[in-house]
Amino acid sequence: MSGTLSEQSALGAHASRVQRTGRSLPFDDPRHLEAHRWLVDEAWLLDAQGYEEWLGLITDDVHYLMPVRVTTALGAGYDTARGMAHFDEDKYSLSRRVARFLTEHAWTEDPPSRLRHHLTNVRTFATDTDDHLVVESATLLFRSRGDVREGSFVSAGREDLLRLVDGRWMLARRVISVDDAVMRMQNLAIFL
Amino acid sequence: MTDQTGVIADVRRGMIPAHVYNDREVFELEKQRVFSRAWVFVGHESEIAQPGDYVVRRVLEDSFIVTRDEQGEIRAHFNMCLHRGMQVCRAEVGNASHFRCPYHGWSYRNDGRIVGLPFHKDAYGGEAGFARKGQRLLPAPNLATYNGMIFVSMDPEAPPLEEFLGDFRFYLDYYTKQSASGIELRGPQRWRVKANWKIGAENFAGDMYHTPQTHTSVVEIGLFREPKAEKRKDGATYWAGAGGGTTYKLPDGDLDQRLRYVGYPQEMVDRMKEQLSPEQLQVIGDDGFMISAASVYPNLSFVHNWPRVAESDDVLPFISIRQWQPISEDETEVLSWFAVDAEAPEEFKALSYKAYLMCFGSTGMFEQDDVENWVSLTNTAAGSMARRLLLNSRMGILEDDEPVTPPLGPDAFHGPGEARTGYSEHNQRALLNRWADDLERPPVRAATLTVGAQGSGAVDDQGRTSPQASDVEVPGEAVAQA
């Protein structure tokens, strides 16, 4: 297998192939400031489960990928399961997930979880085109349900491709590198 | 160990003491009497297709390296160095001709034989002090495969796998043998849920009754074509041998039409017609039933479903195989694989994978609501009130134990075992009755193996420890003494 994880996915053929160029942008670069603000705004939106609005920030050709991480020997050359992910989504499958949360019968989120997406280590890269930026970030999601069980965490790194569409930045590709091989959350009825 | 006779008697009459879903003593008994003898799924041959490929899988706390050796033989080695007991392989997947223990450097071929023992002569006096010849990583007490599915049993005297599975093999073929090449497994996704392992196994075995309620949302969003979830009761449930499952009733049509209705392209239909038996095809073509969820005792489940995967009326079928691996009385690690016929067209494989991700697994929209229920149930079963409550699991039988619905006759259902349409808990009772059978049997006696001493500890061709090994009461565990 070669290429990026998005390229390797059987469901990634439609995805944009725009990649980063050069070193990360200075923190006072206006492009970095815009990208960082976009991510912070998104984190608050996801905490509030504002999924319909979130879907509006996503391009029609999105590839939203969260591979399954595996424990492999040093030097094995891979640390994701071949041909398997937690999320390997296009706009249609994301829209069905969001639509489900909007029904009155998505029991797993009724009562809703208390969510907090902690966002850090944001860095931005230019690409070959002015209307695309690559943004990397670390995220730590805390999810608390009910009053008996302890809350659970998902820690992950993300590499996003943002695209400028009609003056707004939108998410065109996201690859989530989760830090657990065995998830410690009862399900992933969340977005990262 | 407290006496569980009362629990077992209640379970046998279809009344389930609620605490069995969160009870440490019951779980200890399950470890000693269920998982010490049952055939437990550890992987599929397609996961270790090449010589040297391995995956590391567990049966309860016991870690096994499941590998294909250089001769192509499938083996399961207990993942513990014979010297100081270190875990030999700490990756979960990979390819290796040898495994070297990181502690003192003992190394083993991928067929388990020891090859490297640093300073053998200086430290041990060579073969005279430590008989290296014939020593190997401890094999799983029993290993067998069916349609490429690899099972181990902790009981060297376990009945053969095919006998254990019994007539359920008829139904297992639908999931695992759609062409001569069988299935490919991808994954697994792994995650831990604070739920007792039995709940998932029971649910997949026969709970058609939960579908209209639990899974309302996936019908509402148009993922599932069947217009009313209530259609579930027109399906049949069956129990045969070590397992049972659910089916959907298909619309009128012949065999080809019915297989295409759930989304199989004609070339896959043609291969199924070559591969499956006349009776297996009759269940679909004549009887009009399509397999859906199923469980094999104790903790292996299957699902086959056919959602929409794009803005179109077309549906695509997928298969998932999953294991409810017990961690404790209130925690289960779910291992969920996507399975697809190896000869399927690449486009089908991709879309079937998409269908799987949308429906089942860690992110699946069906599974999300299931797990929420099971965690909640387990939580509630922990306290003293749960010990006063016998849950009614008698759906489908009257007070005098007569069935509400008679079994389907041989002309209405061509599969083995007992099948009937409508909602019932016959299958959940069948599963828990097997569980009760095991709980009543005394624990398995396991042999110990002495490593390296002259004239003892040899392992024979069947992977059993030598007759010299002494018998001790270590339920469900074969102990290597280093």
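How do the residues of the lining of the largest cavity divide into nonpolar, polar and charged? They divide into 7 nonpolar, 7 polar and 3 charged. Ala, Val, Leu, Ile, Met, Phe, Trp, Tyr, Cys and Pro count as nonpolar, Asp, Glu, Lys and Arg as charged, and the others, Gly among them, as polar.

This is a predicted model, where local features need pLDDT of at least 70, side-chain atom pairs count only at pLDDT 80 or more, and totals for chains, interfaces and linings use all residues. Residues are numbered from 1 along each chain as its sequence is written, chains are lettered from A in the order in which they are written, and side-chain values use heavy atoms, without hydrogens and water.

**Cavities**

The structure holds 7 cavities of 30 Å³ or more. A cavity is a set of points on a 1 Å grid over the protein atoms alone where a 1.4 Å probe fits but cannot get out; lining residues have an atom within 4 Å of a point. A volume is the space filled by probe spheres set on the points.

| Cavity | Volume | Lining |
|---|---|---|
| Largest | about 150 Å³ | 7 nonpolar, 7 polar, 3 charged |

Of the 17 residues lining the largest cavity, the closest to its centre are His210(B), Thr211(B), Arg232(B), Ala293(B) and Phe360(B). The second largest cavity is lined by residues including Tyr174(B), Gln178(B) and His304(B).

**Cysteines**

The whole structure has 0 disulfides (pairs of cysteine sulfur atoms within 2.5 Å). Cys81(B) is in none; its nearest cysteine sulfur, that of Cys101(B), is 3.9 Å away.

Methods: On a 1 Å grid over the protein atoms alone, a cavity is a set of points where a 1.4 Å probe fits but cannot get out, and a pocket is an open set with protein on both sides within 12 Å along at least five of seven lines; lining residues have an atom within 4 Å of a point.
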